[in-house]
Amino acid sequence: MRSMNAKRVNRADLLRALQQVENELLPITAELCGFKAPKPKVSLKIPAISLGSAQQKENNASTSGKNEPQARKPSPAQFYRVIGRKQSELLPEPVDSKKKYPAFLEDVDRISPERMVALSVTPPEKEPLVAWSRLWPVLRGLLSEYTQTHQPDIPAIVRTVANGYWLERIPREQRLRWTANVQVLVDRPERTRLFNHDYKQLLANLKHLRGQTGLVIYQWLRQPGGRVQVESSRQYETRDWQIPDAGTSVFILSDLGLLDESGVAQRAWIKLGQRLRAAGCNPLVLLPLPTRYLTPALVNLFDCISWDRSSPLQKTTYVAPQNLLETSVFDDDSTVAENLLAWLSPAVRVEPALLRAVRHQLSAQDVDVGHEVAAWHHADVERTNLGFHFQAQPKVIEKYRKHFAVLRDKNPELAVNIAKLILEYHRHLFPTQRYEELLLLAALLGKDVPANPQEIAEAEQHMRELVKAGWEQADELPGIYAFLLHQIERQPLDVVGKYDFYQALWGHKKYELGAPDGGEIPKGFDPRHVLAFVQRTVSNERDYVLFQQGQQALQLGTKQGFEATDEHGFSSGSALAHFTTTSGLMLRQHHKADGEIVKSILPLNDKETLAFPLEEEEIQQLDVAGESITLERFQKPKWADRIRYGKEEIAVVSGGVTYYWINPVLHKELGSLRGFWFYEPDNTIRGTYWAESTGTDQYGVYADITIAGIPQRFRWVEPTAFMMGSPDGKNGEAEAGRYDNEAQHQVILTQGYWLAETACTQALWQAVTGDNPSSFKDANNPVENVSWQDVTDKFLKRVNKQYPQLKLRLPTEAEWENACRAGTTGAFNFEGELSLDKVNYSGIFGESGWAEGALHKTAAVKSYPPNQWGLYEMHGNVWEWCKDLYSDYPAGSVVDPLQEQIGSNRVLRGGSWIYNGRHCRSAYRDYSDPGARAGNFGFRLALGHELSPVRPGRAVQQPIGSHAAAARGGQAGDGQRGSSRRKKK
C-alpha cells in the first residue's frame with residue numbers, strides 16, 4: 001500500500017530496488033521509501049513500545065519452544081538524527097595557518113644551549129660483587145705458599161725436647177706468603193663488558209695488597225691461548241702468550257666462555273686448561289657467574305670460585321652434567337631477570353653500576369649475579385659502550401613499566417628506594433635524560449616520587465622548552481628534532497597521556513608522519529594536545545555532507561559525491577548536516593552503550609567517504625569544520641505508524657499527525673540552538689499560520705501573536721517522555737520536602753504544544769475582559785485574584801471567539817510540569833541553591849515566615865531568569881491554574897494524561913510569592929475550588945492539539961529515540977531542599 005507521503009516513489013522504483021537488495025531487505029527498503037504494508041484493523045489498546053534488544057531476546061525465548069527453530073527476521077530499520085550542534089572546543093576550524101604553537105607552549109621561553117649542560121657532580125661508585133674486606137683473605141689463601149724463615153720455631157723445639165729427643169737441627173718457622181710468581185690472565189670480550197670495572201678494581205686492589213713484584217697481568221686480545229697484551233714500564237705491548245713454568249700460580253678473571261652461546265670460547269678455554277694442567281699448573285678462576293653455569297669439563301680443569309655476594313667463595317668441586325651448547329645459560333634466569341628489568345624500566349639508560357645497585361636492593365638469595373648477567377644480555381635490551389637501553393618498541397617498554405607498576409604495588413617501599421637510586425646514579429647526566437626519568441617516575445609513583453614538586457615543575461618546563469626548540473631552533477641545536485621523535489618512542493601510552501608535550505609529540509609522529517596503527521586516540525589523551533603540531537589545513541575550502549545511506553550506515557562525504565546519482569537515478573541518502581571546512585582532519589567520539597568513549601582522528605579528502613556504524617542505544621560526536629555534532633541512532637517506536645526519511649528531514653507519522661525533526665542550528669550570535677520535533681517540514685515553521693512571526697533562539701522555537709493589542713510569545717514544547725512527580729527514596733535518595741501525593745511515574749506526551757513564556761499579565765487580562773481584579777496592580781505583573789472559572793468563562797471563551805484559530809486553553813498538569821522541568825530531574829529547574837534572586841517566594845524553604853529581602857508581593861513577568869526552554873517564573877510569583885481536576889497519580893506509566901472525570905477541585909502548580917520554597921518545587925501539587933480567588937492565583941496560556949490523545953492506554957518507554965531528553969539541553973542540578981511537611985488544604 002502506498003502512503004500519502006510516497007509521492008516521488010512508485011512501484012517501478014521498488015522493482016529496481018528488488019534487483020539490488022536481498023528479498024528479506026525489501027520490506028525495509030519499502031519502508032524507507034514511504035511505503036507500508038496493509039495492516040488489519042486493531043483495537044485502540046496499544047502494544048508496549050519496543051524493548052531493548054537483550055530484553056526482546058529474553059521475551060522471545062520465553063514464549064517459544066526451546067527446540068523450535070526460529071525464523072530469520074530482517075533487522076528493523078535504523079535511523080539517525082542530529083541532537084546537538086555547537087562550537088567545537090577540541091577541534092576548532094583552523095584560522096591562522098602560520099600559528100606555530102599550541103596554547104601550552106606560547107609562553108615557553110627559548111631554550112639556551114648554555115643551560116643544556118650536565119651538573120658537576122660525581123656519580124656513586126659501582127658496588128663490588130663482593131666486599132673487598134671479605135674477598136682479599138680468600139685470595140691471599142689461594143695465591144700464597146708456605147716458606148721457611150730464619151726464625152727458630154720455638155714451639156717445635158719445646159715439643160722435641162719435652163719428648164726426650166735430641167735436636168738434630170734447629171727447626172725454622174713456616175709462614176704463608178704470596179707466591180713468588182703470579183700470572184693473571186684477564187679475559188675481556190664484549191660479552192663480559194658488564195664486569196670490566198670489577199676486573200679493574202680487583203687488579204688495583206691486588207697490586208696494592210700484594211705488590212707488583214712477580215705479578216704479571218696478561219689480557220687476552222682474542223681467543224684464550226693466543227696473543228696477549230701486557231703492561232711494561234707503564235706502556236702496553238703485545239706478545240705471544242707462553243705457558244708458565246710448573247708451580248707458577250695462574251689466576252684467571254673470566255667467564256670461561258660460558259656466556260658465548262656458540263660454544264667456541266668455551267672449547268678454547270677447555271684446551272687452555274688442558275695445557276695448563278699438563279704444564280703442572282693449577283689455574284684458579286674467579287668467575288663472575290653462579291656455579292650453576294659451570295660444566296663438569298671446566299670444573300675438572302679449573303679451580304672455580306663464584307664471585308658474588310651470595311657465594312661462599314670456595315672452590316667448586318662438582319656440578320651436574322648439562323649441555324650448554326644447546327641451551328642458553330640465561331634460560332633458567334629469564335623470569336627473575338625480567339623482574340630486574342622491570343625495576344630498571346624507568347631509567348632511559350642502564351649502566352652496569354646502576355644495574356648492580358638495583359640488584360643489590362633485592363634479596364641475595366633470590367637474585368644473584370647470574371640474573372644480573374641475564375638482564376644485561378636480555379633480548380629486550382640493546383647494549384652500548386656505556387650501558388643498555390630498552391628496545392625502541394613501545395610494546396617492549398610498556399610491558400616492563402606495567403610490570404613495574406605490579407611490583408610497586410607489592411612493595412611500594414622498594415619502588416621508592418629504586419627510584420632514589422635511578423635519580424642518584426643519573427644526577428650527573430645531561431638534564432634532558434634526568435628530567436625524562438623524573439617525569440616518568442612521577443607518573444609511575446605519583447605522590448611517592450622521591451622529588452619535590454618544584455623539581456617536577458622544572459622538569460615539565462624543560463621538556464616544553466625542548467619540544468618548542470625542536471620546531472624553532474633545529475638549526476641551532478642539530479639533532480634535537482630526531483631526538484624528540486626517538487624520545488616519544490620509548491614512552492608508554494599511560495605516561496604520554498599525563499603530559500601535554502608528550503601528547504603533542506605522539507600526535508605529530510602518528511598523524512603527521514604516518515604511524516601505521518590507525519587513527520584511534522588512547523584514553524585520557526586531549527585531542528587539542530594530540531593535534532598541536534599536525535598540519536590540519538588544506539589548500540582550499542571543501543563542502544561536506546553528513547548523511548544516512550541504507551538502513552544502518554551513517555556516512556560523511558563531499559557534497560558533490562552526495563548529490564550525484566547512480567545509473568538508476570538513486571541518490572546517496574538523506575542529509576543530516578552540511579558544512580564547509582579547510583581542515584583535512586575530523587575527530588570522531590564514539591559513545592558506546594557501555595559508557596566507553598572511543599576517540600579517533602580521521603582524514604578528510606575528496607575521494608573517500610567515511611562510514612560510522614553505530615549499535616543500538618549508542619551516540620557519537622563528530623568534531624568537524626569547527627563544530628561539534630552529536631548524533632544518536634534509534635528505531636521506529638511501535639506506537640508510530642512509520643518514520644520517513646526525506647532528502648533533508650526525518651518525519652514521524654502517528655495517528656494522522658506528522659512530526660518533523662528540526663535539526664539543531666549553530667547560530668553566529670546566539671550560539672547552539674537545540675533541535676526539536678515540530679509538525680512542519682522546514683525551519684521557517686510555515687504551519688503556524690496563526691502567528692504573526694516565528695523564529696528560533698537559544699531556547700528553541702517561538703511564535704509571537706497579538707491578542708487584543710497585547711503581544712504574547714509562545715514556546716514550542718515537542719513530544720517527549722519524562723518522569724513526573726518526585727523520587728520517594730525506594731530506588732535512590734528521596735527528594736527533600738516531597739509529599740505523598742507526588743508518586744513518581746513516567747508520562748509520555750505524544751503531541752507537542754505551545755505554552756506562553758510568561759503568566760498572563762494584567763494588561764492582557766484587562767484588554768480581553770475590560771477589568772483588572774489584581775491586588776498588586778501593574779500592567780506587567782501577572783494577573784491574580786482570578787478563579788479557574790474566571791479564566792475559562794470570562795477570558796478563554798472571549799479570546800477563542802475573537803481568535804478561533806488560536807484555540808487557547810489551560811495546560812494540563814502533565815504539560816505544566818514537563819514545561820517547568822525543561823529536561824531537569826531535581827527539585828528546581830535551575831542549577832545551584834534556591835534563592836530570592838531566582839524565585840519570588842517567602843525566602844524560607846520549609847518553615848513559615850519571611851526571609852529578609854522577600855518581595856511580599858507579585859513581581860513583573862520576566863523579572864527572574866527563564867528555564868532552559870525560555871519559560872519565565874515557573875517557580876513562584878503566582879500559582880498557575882491547570883486544566884485537570886485534582887486526583888491521585890496513576891500507579892504506572894501513562895500517555896497524554898488529562899483528568900476531568902474524578903474530583904471537584906482544580907490543580908494549581910508552581911508556588912507563589914507568599915509561599916515557602918518547598919511549595920515552589922517542580923513536583924509540588926496544590927488545588928483549590930474552581931470558583932476560589934486569591935491574591936496569588938494566576939494562569940498561563942497554552943495552545944496546540946485538541947487534548948485528544950493520539951492513542952489511549954499505557955506505555956513503558958520514551959516515544960522517539962532513546963535519548964530524547966538529551967535533545968533538551970543540559971541537566972540542571974537540584975536546588976535547596978528542606979524537610980517539613982505541609983498539610984493539604
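Colleague: Which residues of α10 meet α11?
Modeller: This is a predicted model, so keep that in mind. In α10, P352, L355, R356 and R359 make the contact. Their partners in α11 are V369, E372, A375 and W376.

Colleague: How many of those are nonpolar, polar or charged?
Modeller: Five are nonpolar and three are charged.

Colleague: Why might residues three or four places apart point the same way?
Modeller: An α-helix has 3.6 residues a turn, so residues at that spacing point the same way.

Colleague: And at what angle do the axes of α10 and α11 cross?
Modeller: Roughly 135 degrees, and the axes come within 11 Å. α10 covers residues 352-359, and α11 covers 369-376. That angle makes α10 oblique to α11.

Colleague: Is the crossing left-handed or right-handed?
Modeller: The crossing of α10 and α11 is right-handed.

Colleague: New topic. Where is E398?
Modeller: E398 is in helix α12, residues 394-410.

Colleague: Buried or exposed?
Modeller: E398 is buried, because its relative accessible area is 19% and the cut-off for buried is under 20%.

Colleague: What is E398 in contact with, leaving aside its neighbours within four places in sequence?
Modeller: P492 and L493.

Colleague: Now the open sheet. What is the strand order?
Modeller: Five strands, in the order β28-β29-β30-β33-β39. The pairing is antiparallel.

Colleague: Which strands stand at the edges?
Modeller: β28 (693-697) and β39 (942-944) do. Each has a single partner strand, so one side of each has no neighbour in the sheet. On average, neighbouring strands of this sheet are turned by 30 degrees against each other, direction ignored.

Colleague: How many bridges join β33 and β39?
Modeller: Three, in the antiparallel sense. Y753 stands opposite G944 in β39.

Colleague: Which helix lies across β29 and β30?
Modeller: That's α21, residues 762-769. α21 runs at about 115 degrees to β30.

Conventions. Residues are numbered from 1 along each chain as its sequence is written. This is a predicted model: local features need pLDDT of at least 70, side-chain atom pairs count only at pLDDT 80 or more; totals for chains, interfaces and linings use all residues. Side-chain values use heavy atoms; hydrogens and water are left out. Helices (H or I, at least four residues) and strands (E, at least two) are DSSP runs, numbered from the N terminus. Buried means under 20% relative accessible area, exposed over 50%, partly exposed in between (1.4 Å probe, protein chains only). Contact means heavy atoms within 4.5 Å. Two strands pair if DSSP finds at least two bridges between them. Axes are lines fitted to C-alpha atoms, for helices over the stretch in contact, and angles run from 0 to 180 degrees between N-to-C directions. Angles under 35 degrees count as roughly parallel, over 145 as roughly antiparallel, 65 to 115 as roughly perpendicular and the rest as oblique. A crossing is left-handed if the near helix is turned anticlockwise from the far one by less than a right angle, and right-handed if clockwise. Ala, Val, Leu, Ile, Met, Phe, Trp, Tyr, Cys and Pro count as nonpolar, Asp, Glu, Lys and Arg as charged, and the others, Gly among them, as polar.
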